[in-house]
Amino acid sequence: RLREQRDQPGLMGRSIAQLQAFLAPHLAQPGDIPGHGEAGSCAHNQHQLNHRLCEAAGMLYQITGERHLAQYAGDLLTRYANVYLKLGFQKAKNTNPAGRIFHQILNENIWLLSMSMGYGCIKDTLTAADREHIESQLLRPAVSMMTELYAHDFATIHNHGLWGAAAVGTTGLVLGDEAYLGLALDGLAGDRTSGGFLAQLSLLFAPSGYYIEGPYYHRFALRPLLTFSEVLHTHRPDLNIYSYKDGVIGKTIKALLSTVYPDGSFPALNDASRTMGIHDEGVLLSAAVGHARYGQDAAVPAIQA
């Protein structure tokens with residue numbers, strides 16, 4: 001159905017065109033793979049751009065079938081696999097532990113989620129040797145770092161823990177590794193209480209669906225939550241994730257959208273950006289998934305407008 005919408009005037013056709021426009025300027029040259037950099041540095045921003053490019057190229061390959069898109073994503077993944085274990089850990093200090101690429105493991109969780117999805121879209125185009133290289137030198141070491149070295153961070157009931165669970169679980173599905181998926185869903189102890197995605201759904205939100213850190217972090221937390229929920233909806237329908245805990249996902253989507261001011265902005269609580277509004281990626285994802293999985297809501301056409 002996505003392929004049928006290519007070059008069409010509707011909302012999905014425009015979304016595909018926007019993704020193509022984002023990726024097009026980068027296809028003529030290989031993306032830079034820098035070393036370490038502080039938060040906000042050129043190196044930091046390039047690594048963030050790279051994971052978005054990898055995911056975009058993979059998705060567009062699935063939609064268009066254009067082989068050069070798969071080659072672009074595969075090249076990025078391969079070149080990261082060439083250097084990932086050689087980089088060492090970031091020297092910059094943060095309250096969140098340092099990754100091999102970023103100054104905090106949170107950013108590496110975000111990075112891995114996108115890179116694993118890009119890999120899943122194009123892995124069938126790679127040779128067995130290339131797949132082995134990417135998996136053994138990049139994806140599996142990243143998961144090990146998150147679930148073993150930084151187990152305490154992975155298990156935390158917090159938006160950081162959500163990003164970690166989504167990244168590890170999606171990587172597990174891409175690799176066909178049920179152990180990784182189990183860690184992501186059930187937590188390191190396997191009890192669905194002390195950590196893992198299902199514990200996050202049970203414990204992170206108020207009964208109303210409200211997230212205590214306020215709308216700014218709520219929309220940030222919903223990005224991995226809804227991305228991984230869509231993954232599970234497709235690949236683990238037995239979980240019936242959108243009905244889990246009396247439909248907690250639908251409640252928290254509604255809670256976020258209910259905090260929007262009439263002008264499209266959010267209350268700026270704590271250290272939130274005062275510019276945050278309904279065109280944020282997390283809000284758009286919330287509106288789309290809420291509409292698709294829970295039915296029509298008046299907030300959805302308002303946000304699209």
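**Around helix α5**

Colleague: What covers the buried residues of α5?
Modeller: The cover includes α3 (67-83), α4 (105-122), α6 (151-154), α7 (159-175) and α8 (178-186). Covering means contact, with heavy atoms within 4.5 Å. Helices are DSSP runs of H or I, at least four residues, numbered from the N terminus.

Colleague: What sort of model is this?
Modeller: It is predicted; local features need pLDDT of at least 70, side-chain atom pairs count only at pLDDT 80 or more, and totals for chains, interfaces and linings use all residues. Residues are numbered from 1 along each chain as its sequence is written, and side-chain values use heavy atoms, leaving out hydrogens and water.

Colleague: Which residues of α5 are buried?
Modeller: Ile134, Glu135, Leu138, Leu139, Pro141, Ala142, Val143, Met145, Met146 and Thr147. Buried means under 20% relative accessible area (1.4 Å probe, protein chains only).

Colleague: Where is the kink in α5 centred?
Modeller: On Glu135. The kink in α5 (residues 128-149) is about 40 degrees. That bend is the angle between axes fitted to the seven residues ending there and the seven starting there.

Colleague: New topic. Where is Asp280?
Modeller: In the loop between α11 (244-258) and α12 (281-294).

Colleague: Why does Asp280 count as buried?
Modeller: Because its relative accessible area is 15%, and the cut-off is under 20%.

Colleague: What does its side chain make a polar contact with?
Modeller: The side chain of Arg219, at 3.2 Å. A polar contact is a pair of N or O atoms within 3.5 Å; within protein, one must be able to donate a hydrogen and the other to accept it, and residues adjacent in sequence count only if both atoms are side-chain atoms.

Definitions and conventions:
Helices (H or I, at least four residues) and strands (E, at least two) are DSSP runs, numbered from the N terminus. Buried means under 20% relative accessible area, exposed over 50%, partly exposed in between (1.4 Å probe, protein chains only).
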